[in-house]
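Good morning, and thank you for joining this group meeting. I would ask you to keep the sequence and the structure in view while I speak.

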Amino acid sequence: MSSWLDYTINGLIVGNVYALVAVGLALIFGVSRLINFAQGSIYLVGAYIGWVAVVQLHTPLPLTIIVVAAAAAAVGLIIERFGLRPLQNSVRIAPLLATIGISFVLDQLVMLTFSPNPRALPSQLPDVRFQLGGGTIGPLDLLIAGVGITSALLLFVFLRYSKLGWAVRAASQDRDAAMQMGVDVNRVNQAVFGIAAALGGVSGMLVGMYYNQIDTAMSLQATLKGVVAEVVGGAGNVPGAVIGSLLLGLVESYGVAVFGTSYRNLFAFLLLVVVLVLRPNGLFVSARQAPPEPLTGTFIAPSRPVRIPRWALAVAAAGFAVLPFFPVSFYVLQTLINAWLLGMLALSLTLVAGTIGQVSLGHAALLAIGAYTSALLSLTSAVPVGLAIIGGGLMSAALGTLLISPSFRLRGHYVSIATLAIGEIVSLVILNWESVTRGPIGISGIPPLSLFGYDLISPSSVYWFSLAVMLVLALLQGRLLTSHLGRSFRAIRDDDIAARAYGLSLNRYKSLAFIFGGFAAGVSGGIAAHLYSYINHETFNTQQSILALTVVILGGLGNVVGAIVGSVALVGLPEVFRIAAEYRILIYGIVLLLLVRFRPQGLLGTI
Amino acid sequence: MAERHNPMLSLRGLTRRFGGLTAVDAIDLDLAKGELISIIGPNGAGKTTLFNLVTGLDRPDAGTVSFEGQDITGLSPERLAAEGIARTFQLGRVFGNLSVMDNVLIGAHTRLRAVRPAVPVIGPLLELGLALLRPARVKDEEERLREEVKAILARFGERLLPRIDQPAYSLSYANRRRVEIARALALRPRLLLLDEPTAGMNPTETAEMQALVAELKAEGLTILLIEHKLEMVMRLSDRVIVMDEGKKIAEGPGEQVRTDPKVIEAYLGHGLSGVTEQESAA
C-alpha cells in the first residue's frame, strides 16, 4: 500500500513539473493558435542556466530561481520578437515550422556550449525525507509542489486582475475583436511568451535537480510531455492544462509501477493518441464545439512551381548514373548514396506533408518499420534481400497507415503532434518488444544488399541500386501527381471542408497518400538496414524526421524534383564545406528558419 | 400541387443550437423538383447554418432532412455529394493552389467511375493502381470530363476560359465565385444550394450571375438560394422564405413576402417603409 502512495505522490510531483511546461503551451496556444515546439528547448536552457548559477556562481536557491526565470523569459521574448512576429501574416504552416527550427537551433547551441555529456545539477536542499501517511516526501518535492501552486496562483491573479492579463484573455477569446478594441496583440504575445518561457525554464531547472542530472535529450521529451498534457486538458485551456498534467503524471507513475520504467513514455503517448481520437478538443471541452483551428486560410505558400523541362531532368539523371565511370572517390559516392536514401524519405514526406498537407514529424518511424521488417525477413526467414526490402516497404505502408489513421480527422498542428507521438510509440515498441525486435541490443549481422543472388558490395553497385530505386519511386510519384489522385490530395490540403462537400473522403485519400508515402520510406529504411548491417531503436530518430522536413521545405512542398534537389543539397553541401558533424543540425535548423521566413515556397516552389 | 406531396427536399423541425443560441429553430421546408426557393434574412439569421445542416457539414440537434424520400439526416457530406447535392460557400472556398480546370474537375469527382471501382475493401488500392497505370478506360473518362469542364466554363463567357490553367488564388473575387458555381455544376447536381452567389459582385457581374441562375432554373435544376439582393430574389424565386433569429418568419411568393410587416421589422427593426429599395440598392 505504502508504495502506491509513493507512486501517487511521485505522479503528482512529476505532473506539477509537466504543468509548468503545459501552462505555457496553453497560454501561447490560446493567444496565437500555435503549438510552440520550442517550449522544451526553453526548458533545456532553463536547466543549463540553473546549472551555471548553482555550480559556477553558487547562487542561493531563491536567487537561482529568479535568475533562471529571468533568463528563460528573455529567450522567450527573443523567440517571439525575431522568430514568430515576422510570420504573423504568413501561411498557417509557417509558425509551426519556425518553432521546430528554433527548437533545433537552441538545442544545438546548448549542446555545443556545454557538450552533450550529462551533468549533475545538485538540488541545494537538505536530503531528508518526511513520512507522509505510508509514503515519504522530500524537501524538493515540496519545493516543486510549492513552485507549481505559486505560479498557478500568480498566473490566475495576473490573468484575472491585471490589465495586461485582461488583454491576454480577450485576445485568446477573439483575437480580431480584441485588436479592434485597441488591444496591442504584440504586447500580449510578448507577455505570453515571456511568462511561458519563465515557467518552462524554472520547470527544467527543477527537473534537473529532481533527477540530479541534466542533458540535451531533455528538450524533446519535455516538449512532448507538455504537449500531451496540454492536449489532454484541451488546447489553449490553462486550468485544463494543469489537470491534464497531473493526470499525465499519475498515468505514467502507475504505468511504471505496473509495467516498469521503460514503459513510462509509452503510456504518455498512448494517452495522447486516445485523447486525440476520442476527444480531440481535450477532456474538458465539449466535443461539439467548432475545432480551434481556423477553417479558412492558405495552408501552404501559394506559388508557381519552377518548371524544369523533361530533357533537363533526363540529362541530370543520366549524369548521375554515369558518375561512377569517372574517377570519383568512394567518399563522393558514399555521400550521394546517403542523398538518395534521404531522397526516398523526402519523396515520402513531400507527398504526405506537401501534397496532402499532413505535416508528419514522426516520419523516421516509417524508416524504422521498413528497416526492421526487411532485416528480420532476410535474417530469420531467409527471404532474398531484394524481396525483403519490398516487404519492408509494404509493411511500412500498411502499418504506418494503420497507426496514423486515428489522426485522419485531425487538422493542422494536431496532425503534427499525433505523428510525433506515433513516431515515439513505434520507437518505444521496438525497444520493448524484445521477442521480435531484440530490444535494446538491436539487430546485427544483417546481410548486405543483393539482387537476384548477386551481392552488391562495391560502392558503384550500391550507388546505382539506390539511385535506380529512388528514380523509380520519383517517376511513380510524378505520375501519381498528374492523376486524379494528385488533384484530390491537393484539394484536401487546400480546403478539406470543400473537398468533403464534393465527395472526397478524407480517410480514403489520406490513407492512399500514406500507403504510397509509407512504401517509399519503408524501402529507404530497408536499403539502409542492409547497408548499415546493424540497426537499433535509435538508428532512425527524430533528427532524421526533421532533416527530411527541412529537405522538403527547401525543395518546395509537394515538389518531387525539389525533394531530390533538397536532399542532395542538404547532404552534399555540408560535405563540400567540410562542416563538422555537430554543427550540421544547427545549420539544418537555421536553414529551416531562413526558408520559412524568406522563401516559404522553397527553391522550386510548392505544387 | 402533386409535387408538393412528394418534394425533392423536405426539412421537418430542423434545429441547431450553439450553446445558448438557437441558430436554426424548428425549420420546416419543402422544395419540389425544378423549384427555386430563396432564403433571405438579416445577417446571423441562420441561413448558412441551415445550408450546413442540409449538406452534412453540421449535424442538427433535432429534426430531419429527407431527399427524394430518403432520410439523409446526419449523413456525411461526401455521401450527400454522391447523392447529387452540390453547394457553394458564402465566403468562397476554392482550392487556391489548384488550377481552374482542376478545381472544376474536383466537382466531377463523384462521377468518376472507371478509376474508382465500386469494390469493397480493396477499392481504394485498385484506385491507386488505376491512377498509376491509367488504362484506356481511365484516360477516356478523364478526357471526357475535361471536355465537359470546358463546356461548363464556357457558360461564363470569357471570364474563366482564358484562365483555365491559372491557379485559383490568382483569380479575382468574382471569378472565384464563378469557379465555385462551375465546380458545383460539374457534379451534375440534382439539388443545388447557392450561398450568396453574387456577394461582392458589381451590378454587371450580378446581372450575369442572375441570368445564369435563371438559365439553370429553366433547365429544370432544383435550387435553394441564399441571397441578399432582393431584386434578384424577386425575379428568380418561385417562393421566398424569410428567416430571422433562426426562425422562419414568412414564406410565400416574393410579392407577398416583401410587404409582410414581420419581414420589414426583421430587416429594419421597426415598420419603416422603403425597405425594398434600400435592400436592392445594397
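Let me begin with a definition: two residues are in contact if their C-beta atoms, placed from the backbone, lie within 7 Å. Please bear in mind that this is a predicted model.

I turn to the contact between the two chains. Chain A contributes 29 residues to it, and chain B contributes 32 residues. On the side of chain A that touches chain B, the elements giving two or more residues are helix H18 (459-482), helix H19 (484-494), helix H20 (496-501) and helix H21 (506-532) of chain A. H19(A) provides the largest share of that side, seven residues. By class, the side of chain A that touches chain B comprises 13 nonpolar, nine polar and seven charged residues.

One residue of helix H21 of chain A deserves a separate remark, namely A:Asn507.

Next, the domains. Chain A is divided into domain 1, residues 2-278, and domain 2, residues 312-598. Taken over C-alpha atoms, the centres of these two domains of chain A are separated by 32 Å. Their contact draws 31 residues from domain 1 of chain A and 31 residues from domain 2 of chain A. On the domain 1 side, helix H4 (93-114), helix H9 (218-233) and helix H11 (264-278) of chain A each supply at least two residues. The most comes from H4(A), with 13 residues. The side of domain 1 of chain A that touches domain 2 of chain A has 26 nonpolar, four polar and one charged residues.

Finally, H9(A) also packs against another helix. The axes of helix H2 (residues 39-56) of chain A and H9(A) come within 7 Å and cross at roughly 130°. Because of that angle, H2(A) is oblique to H9(A). The crossing of H2(A) past H9(A) is right-handed. Among the residues in this contact are A:Tyr43, A:Leu44 and A:Ala47 in H2(A), and A:Leu220, A:Ala222 and A:Gly226 in H9(A). The contact of H2(A) with H9(A) divides into six nonpolar, six polar and no charged residues.

Methods:
Residues are numbered from 1 along each chain as its sequence is written. Chains are lettered from A and ligands numbered from 1 in the order in which they are written. This is a predicted model: local features need pLDDT of at least 70, side-chain atom pairs count only at pLDDT 80 or more; totals for chains, interfaces and linings use all residues. Domain bounds come from an automatic or database domain assignment. Helices (H or I, at least four residues) and strands (E, at least two) are DSSP runs, numbered from the N terminus. Ala, Val, Leu, Ile, Met, Phe, Trp, Tyr, Cys and Pro count as nonpolar, Asp, Glu, Lys and Arg as charged, and the others, Gly among them, as polar. Axes are lines fitted to C-alpha atoms, for helices over the stretch in contact, and angles run from 0 to 180 degrees between N-to-C directions. Angles under 35 degrees count as roughly parallel, over 145 as roughly antiparallel, 65 to 115 as roughly perpendicular and the rest as oblique. A crossing is left-handed if the near helix is turned anticlockwise from the far one by less than a right angle, and right-handed if clockwise.
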